[in-house]
Amino acid sequence: MKRTVPLILVIPILLSLLPGPLPVAAARPGEASLETAADSKGCAVTLLKNRDYFSALCEKIRDARRQIVLAFFLFRTNGRPNSYPEILLAELGRAARRGVPVTVVLEQDDRSGSTVNRDNRDVAERLRKAGVEIHFDAPKRTTHAKIAVIDRRYCFIGSHNLTASALRYNNELSVLIDSPALADSVLDYIRGLY
């Protein structure tokens, strides 16, 4: 029997890996009300509620210079140019064209007619055409992760899938962690998925 750990239990564990207490920084006037905590060594954790995740992820993809690595259970596009997943797909393609290595790992399962397989394979083909390296996990083991690591520094970890529902409408919660040490550990984890 497969056991999963709720996200609400995982975030405190991740935060415990960071050194020292993390005081919360208030947002500046005119900025989004993101909650960010930072330690004395410059490691920062930002809470990304609901649609805040999409904006933060797009910004980091646009600014990426070294590497982008994503691992997601579901990446579903709908062909509408202004939908959030379509925008992310376009941003990943632009990053690849400007020379940033982009790798995406997606879930696949062994069930006939699986919508997850269909959606992930459709997006994978589009990403390949845009110059993105694609991998799928082993079909006998579910990869339910929702992770992005950018420039071996920024880690997005949480509940957001790359779907219109998750990025725009659902109640979702993720964190952005600015920590090169944690980024290396997360990249090792992602490499073990395929």
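Cys43 is buried (under 20% relative accessible area, with exposed over 50% and partly exposed in between, for a 1.4 Å probe and protein chains only), its own value being 8%. The model is predicted, so local features need pLDDT of at least 70 and side-chain atom pairs count only at pLDDT 80 or more, while totals for chains, interfaces and linings use all residues. Residues are numbered from 1 along each chain as its sequence is written, and side-chain values use heavy atoms, leaving out hydrogens and water.

**Cysteines**

- The count of disulfides is zero, a disulfide being a pair of cysteine sulfur atoms within 2.5 Å.
- Cys155 counts as buried, at 0% relative accessibility.

**Helices H3 and H4**

- Helix H3 covers residues 84-97 and helix H4 residues 115-129; helices are DSSP runs (H or I, at least four residues) numbered from the N terminus.
- The axes of H3 and H4 come within 9 Å and cross at roughly 30°, where axes are lines fitted to C-alpha atoms over the stretch in contact and angles run from 0 to 180 degrees between N-to-C directions.
- H3 is therefore roughly parallel to H4, the term for angles under 35 degrees.
- The crossing of H3 and H4 is right-handed, meaning that the near helix is turned clockwise from the far one by less than a right angle.
- Glu86, Leu89 and Leu92 of H3 meet Val123, Arg126 and Leu127 of H4, with contact taken as heavy atoms within 4.5 Å.

Key. Helix = DSSP H or I, 4+ residues; strand = E, 2+ residues; numbered from the N terminus. Parallel < 35°, antiparallel > 145°, perpendicular 65-115°, else oblique.
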